[in-house]
Amino acid sequence: MADGKRRSGVVLTQDGGWSWVVVGCCFVVTVCTRAVTRCISIFFVEFQAHFGADYSSTAWIHSLVDCTTMLCAPLGSLVGNRWSCRVAVMLGGLLSSCGLLLSSFTNSLELLYLTMGVLTGLGFALCYTPAIAMVGCYFHRRRALAYGLAMSGSGIGTFVLAPAVQLLIEKYSWRGALLVLSAFVANLCVCGALLKPIRLQDLMEEEQEGEEAESGKEETIGRVSLKEPEVAVKLPKESDGCLKPPLPLMSGSPAPTPERRRCFLSIKEYRFLLLPDFLGLAVSFLFLASGCSLPFVYLVPYALSAGVCHHQAAFLMSILGVLDIVGNITFGWLTDRSCLKPYRLACYVLAVAMEGLCCLCAPLLRSFSLLVPFAVLYGYFDGAYVALIPVVTSDVVGAPYLSSALGVVYFLHAIPYLISPPIAGWLVDVTASYTATFFLSGASLLSSAVLLCVITGIRRCRLRPHGPAAKC
């Protein structure tokens with residue numbers, strides 16, 4: 001097998017060597033996409049003063065970037081699967097850099113919606129999902145730790161970029177700051193160039209060997225089997241993407257045209273959509289996305305309404321960001337331990353449930369000293385579940401399907417991200433209190449956790465041996 005890999009020109013070394021370079025690239029991608037998206041709100045005051053707009057009009061820029069990034073996530077998976085993750089990330093880096101560059105020259109808020117909201121968001125979408133999927137392709141034994149390190153770029157990037165962007169605005173104005181951000185985001189093209197493609201067959205063989213070494217048998221429950229004859233057919237030598245499932249020919253059938261073959265390949269890439277486990281996971285993600293962003297939006301206003309000073313309220317957000325980083329790395333490391341690796345899904349459910357409980361308790365916390373523990377716990381478990389989303393998804397569908405699955409997963413986040421903050425704001429206006437907002441967030445997060453618990457329980461009951469002695 002090693003000789004075959006050398007002949008193909010693509011060397012696959014999981015959990016070591018170039019794998020850590022890929023983690024570093026994914027870290028930079030999360031900094032340039034998620035952290036830069038969070039920092040866009042720093043420009044709002046400048047936009048309001050320059051264009052004479054109100055807060056709600058400028059807030060649509062952030063919503064458009066976030067929503068476009070998630071809505072177009074399947075497009076990033078499609079480009080990565082059809083050509084390679086390298087092409088997707090480099091193309092996305094070019095588009096997002098051009099979007100920020102054009103934004104620095106705009107003279108109306110409507111043009112900012114197009115250049116910064118749509119064009120930059122589309123570029124981020126092409127980068128984000130393929131880069132995350134590549135980490136899953138390069139890691140097997142240390143996958144959770146690798147994702148924890150890679151996803152920590154969002155928190156670390158926000159912590160560093162936020163003051164840096166403010167300094168750039170003060171020194172060069174908002175136009176100059178966007179020019180500098182455009183050059184910074186262009187580093188995505190460099191990261192994309194460093195993402196060495198992996199042949200699907202090599203990846204499947206490595207996954208197969210790792211699973212046999214750990215358990216001595218093939219794991220087929222709750223994921224797409226890597227030994228299915230339809231999947232385990234040798235790929236052509238020109239296949240260099242992270243995911244390019246082959247299409248087996250039935251005996252006596254004519255060879256399909258290139259158009260039909262591309263269509264069939266697209267269908268094969270999304271065969272995981274028929275898995276009941278993935279469908280349940282997808283529904284739980286809808287509830288998760290409806291509640292997870294609300295505390296980040298409304299914690300500071302809630303703290304101010306409780307009598308906390310502006311400095312302390314802003315410090316709560318810093319605590320959230322730092323503990324988010326700690327949760328990314330430590331929870332990823334913990335769930336890679338042999339004692340916890342079989343229970344990754346349970347750890348993910350625990351993190352989401354703890355977030356929900358924190359939100360339900362938040363209306364009872366009316367002072368800075370009480371809100372600090374909330375920020376610590378919520379920030380830590382937010383980082384924990386974010387690092388485990390790709391891991392849990394990979395455990396369900398298998399690494400060869402991870403890119404397409406993550407595209408669907410992040411697509412499901414788009415609409416809740418767009419509509420949940422306005423709904424929560426409407427509840428604040430109607431009730432003149434933040435209690436209903438935090439209850440909505442907590443109920444959504446707990447519903448996500450409970451749904452996964454119910455699905456897991458039903459699956460275990462169905463898998464128990466039938467007979468007079470077997471009871472469910």
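Reader: What does the secondary structure of the chain come to?

Author: The chain has 19 helices and zero strands. The model is a predicted one.

Reader: How much of the chain counts as buried?

Author: Of its 472 residues, 52% count as buried. The word applies to a residue with under 20% relative accessible area.

Reader: What share of the contacts with a separation of 6 or more comes from residues 24 or more positions apart?

Author: Such residues account for 83% of those contacts in the chain.

Reader: Why are α14 and α15 called roughly antiparallel?

Author: Helix α14 covers residues 294-305 and helix α15 covers residues 310-334, and they pack at an angle of about 150°. Angles over 145 degrees count as roughly antiparallel, and α14 and α15 therefore get that name. Their axes are 9 Å apart, and the crossing is right-handed.

Reader: Which residues make the contact between α14 and α15?

Author: From α14 the contact takes Phe296, Leu299, Val300, Ala303 and Leu304. From α15 it takes His310, Ala313, Leu316, Met317 and Leu320. Sorted by class, the residues in the contact of α14 with α15 are nine nonpolar, one polar and no charged.

Reader: What makes proline 301 partly exposed?

Author: Proline 301 is found in helix α14. Proline 301 has 28% relative accessibility, so it counts as partly exposed. The C-alpha atom of proline 301 is separated by 8.8 Å from that of tyrosine 434, although these residues are 133 residues apart along the chain.

Reader: Which residues meet where α5 and α7 touch?

Author: Ala73, Leu75, Gly76, Ser77 and Val79 in α5 meet Leu122, Ala125, Leu126, Thr129 and Pro130 in α7. By class, the contact of α5 with α7 has seven nonpolar, three polar and no charged residues.

Reader: What makes α5 mostly covered?

Author: Seven of the ten residues of α5 are buried. They are Ala73, Gly76, Ser77, Val79, Gly80, Asn81 and Arg82.

Reader: How do you know that isoleucine 132 is buried?

Author: Isoleucine 132 has its place in helix α7. The cut-off for buried is under 20% relative accessible area, and isoleucine 132 is at 0%, so it counts as buried.

Reader: Which residues is isoleucine 132 in contact with, leaving aside its neighbours within four places in sequence?

Author: Isoleucine 132 is in contact with Cys26, Tyr147, Met151, Pro390, Leu406 and Tyr410.

Reader: How many disulfides does the structure hold?

Author: The structure holds zero disulfides.

Reader: What about cysteine 127: how far is its sulfur from the closest cysteine sulfur?

Author: The closest cysteine sulfur is in cysteine 189, 7.5 Å away, so it too is too far for a bond. Cysteine 127 counts as buried, at 0% relative accessibility.

Reader: What is the phi of serine 173?

Author: Most residues other than glycine have a negative phi. The phi of serine 173 is near 75°, a positive value in a residue other than glycine. Serine 173 lies in helix α9 (residues 153-185) and is partly exposed, with a relative accessible area of 37%.

Reader: What makes alanine 432 exposed?

Author: Exposed means over 50% relative accessible area. Alanine 432 has 70%, so it is exposed. The place of alanine 432 is in the loop between α18 (402-431) and α19 (435-463). Its phi is near 55°, a positive value in a residue other than glycine.

Conventions: Residues numbered from 1 in each chain as written. Predicted model: local features only at pLDDT ≥ 70, side-chain atom pairs only at ≥ 80, totals over all residues. Heavy atoms only, no water. Disulfide = S-S within 2.5 Å. Buried < 20%, exposed > 50% of the residue type's maximum accessible area, 1.4 Å probe, protein only. Helix = DSSP H or I, 4+ residues; strand = E, 2+ residues; numbered from the N terminus. Axes fitted to C-alpha atoms, helices over the stretch in contact; angles between N-to-C directions. Parallel < 35°, antiparallel > 145°, perpendicular 65-115°, else oblique. Left-handed = near helix turned anticlockwise from the far one by under 90°. Contact = heavy atoms within 4.5 Å. Nonpolar A, V, L, I, M, F, W, Y, C, P; charged D, E, K, R; others polar.
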